[in-house]
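Please go through this model by question and answer.

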Amino acid sequence: MNTVKSLLNQLCGTTEDVRRDIESQLKKHFIDPFYVSRSKSLPENDIMKVDARIVSDAFEAVTNGMYDEDILNELENLSDSSFFSNWKYLTESLYYLYAENFTKADEAFRKIEEDSIPHLTAPVFYRIISRDKISSISGLSDSEKIFINNIIKDSISVKSSLDQIETNLKTGHEDRFTDNITLLLSDLYVKDQNLSKKLASWGLRQISLNDMSPSMLLENLKLIFGESETYRLTAVSFREEDPELSLIFFSKSALIQLRNNSIDSNYTEAFIDILADLIIEIEKEKADEAELQADDEMTDQISNILTVLEREIQLHYPDILAGRTIREKASDRSDDKEIDCIKTEVEKTISIQPSAKNTDNKNPASSHIKKSEKSGSPVQLELFF
């Protein structure tokens, strides 16, 4: 890395021709975009450092199963002449690989220069998208063969389970749906917690769309994710469909964490801001639908849970509310960038990888879940390792 650091230092203040020569020398070394994005050898506004940050953020998001539309849009807009363009194509090919859109994955991968570091993954990459058993194929190490076969085997197993779960939804077998999704979640949680949370969120939304009772699935989710995280997942899942129910579950999640002393003041304030947003949204909806009869039971539940939560906050962090209620706090809360970041993390939307059927979708930052109307029809679900 000393040679790389020396070359990076030479980039500053050079002419365009000299910069191209230095970049040619840098390409002979294994350069991780993550390293360059945090290198002190380049100023923050240097184009190589800016591009490195975009690629490393996108690569991390894709390989961790996270969905960030802004990051993936930035990746798509990265210039083909960028020093890290090969890493861009690798990241896009992985994105489409996870979506099992093998045509798009192949198109992106073929843009990678053959003498580049990312192209070293070609043997493994092409065997995975071929979906063939490879025990008899030469040119791969034993560990590479085991790795590829495990990916293919796990994908087939998960797809089979998902097919059964969707069949349970279509036929209205509520108990079987709950049992089968719980079994799959238990298996996925050990391998990939992010993936299991996506599936749990999808399952909760389907219960809401199909007028099923969530009580049994919630009890099962508590055994897998724990009580406070289950309530947070439920709150996020119901955020758009039922803001009142979402408010109750966000409150329960915060309450449990406060009682367990597992939440700091910043996260507590973030929860309060989320609840404040929901209160404003609920009150606006009620004002717009004044002719509809109010749900007194739900209103009482919200008032009760907020009162209990306010008392708990007062015990742990008295300065946050300073004797006021969450409703009062909502009316005059101040902007705080740190709190806003935590708030985004707490109420982060959990998404599902896109179906391979979306072959005409050019942008890799397209929606990961196709929302259905409240017609009772199940959402198409595609999950992959």
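Q: What percentage of the residues in the protein is buried?
A: This is a predicted model, in which local features need pLDDT of at least 70 and side-chain atom pairs count only at pLDDT 80 or more, while totals for chains, interfaces and linings use all residues. Residues are numbered from 1 along each chain as its sequence is written, and side-chain values use heavy atoms, with hydrogens and water left out. Buried means under 20% relative accessible area, exposed over 50% and partly exposed in between, with a 1.4 Å probe and protein chains only. Of the 385 residues in the protein, the buried share is 47%.

Q: How many helices and strands does the secondary structure come to?
A: Helices (H or I, at least four residues) and strands (E, at least two) are DSSP runs, numbered from the N terminus. By that count the protein has 19 helices and zero strands.

Q: Which element of the protein has the highest mean pLDDT?
A: pLDDT is the predictor's confidence in each residue, from 0 to 100. The protein has a mean of 76, and 72% of its residues reach 70 or more. Among the elements, helix α19 (residues 337-346) has the lowest mean, 62, and the highest, 94, belongs to α14.

Q: How many contacts beyond four places in sequence does the model have for residues 349-385?
A: Contact means heavy atoms within 4.5 Å. Over residues 133-138 pLDDT stays under 50, and the model has 11 contacts beyond four places in sequence there. Where pLDDT is low, the predicted coordinates should not be read in detail. For residues 349-385, where pLDDT also stays under 50, the number of such contacts is 109.

Q: What share of the contacts with a separation of 6 or more comes from residues 24 or more positions apart?
A: The count takes the contacts in the protein with a separation of 6 or more. Residues 24 or more positions apart account for 64%.

Q: Are α6 and α7 roughly parallel or roughly antiparallel to each other?
A: Axes are lines fitted to C-alpha atoms, for helices over the stretch in contact, and angles run from 0 to 180 degrees between N-to-C directions. Angles under 35 degrees count as roughly parallel, over 145 as roughly antiparallel, 65 to 115 as roughly perpendicular and the rest as oblique. Helix α6 (residues 85-98) and helix α7 (residues 102-109) pack at about 170°, with axes 8 Å apart. The two helices are therefore roughly antiparallel.

Q: Which residues in α7 meet those in α6?
A: On the α6 side, the residues are Tyr89, Leu90, Glu92, Ser93, Tyr96 and Leu97. Their counterparts in α7 are Phe102, Lys104, Ala105, Ala108 and Phe109.

Q: How far apart are the axes of α11 and α12?
A: Helix α11 (residues 193-209) and helix α12 (residues 215-225) pack at an angle of about 170°. They are therefore roughly antiparallel to each other. The distance between their axes is 12 Å.

Q: What is the relative accessible area of aspartate 211?
A: Aspartate 211 is found in the loop between α11 and α12. Although not a glycine, aspartate 211 has a positive phi of about 55°. The residue is exposed, and its relative accessible area is 72%.

Q: What is the geometry of the tyrosine 95 and tyrosine 96 pair?
A: Rings of Phe, Tyr and Trp (its six-membered ring) pair if their centres lie within 6.5 Å; planes under 30 degrees apart count as stacked, over 60 as edge-to-face and the rest as tilted. A search of the whole structure finds eight aromatic pairs. With centres 5.4 Å apart and planes at 85°, the rings of tyrosine 95 and tyrosine 96 are edge-to-face.

Q: Are tyrosine 95 and tyrosine 96 buried or exposed?
A: Tyrosine 95 has 3% relative accessibility. Tyrosine 96 has 8% and so counts as buried, and tyrosine 95 also counts as buried.

Q: How many residues apart in sequence are the parts tied together by tyrosine 231 and phenylalanine 249?
A: The ring centres of tyrosine 231 and phenylalanine 249 are 5.7 Å apart and the planes are at 40°, so the pair is tilted. Tyrosine 231 lies in helix α13 (residues 227-237) and phenylalanine 249 in helix α14 (residues 243-259), so the parts tied together are separated in sequence by 18 residues.

Q: Which residue lies over the face of tyrosine 231?
A: Ring pairs link Tyr231, Phe238 and Phe249 into a cluster. A charge sits over a ring if NZ of Lys or CZ of Arg is within 6 Å of the ring centre and within 35 degrees of the ring normal. At 5.4 Å from the ring centre of tyrosine 231, the residue over the face is lysine 252.

Q: Which residues beyond four places in sequence are in contact with leucine 309?
A: Leucine 309 is found in helix α16 (residues 296-316) and is buried, with a relative accessible area of 2%. Leaving aside neighbours within four places, leucine 309 is in contact with Ser251, Ala254, Leu255, Leu258, Leu275 and Ile326.
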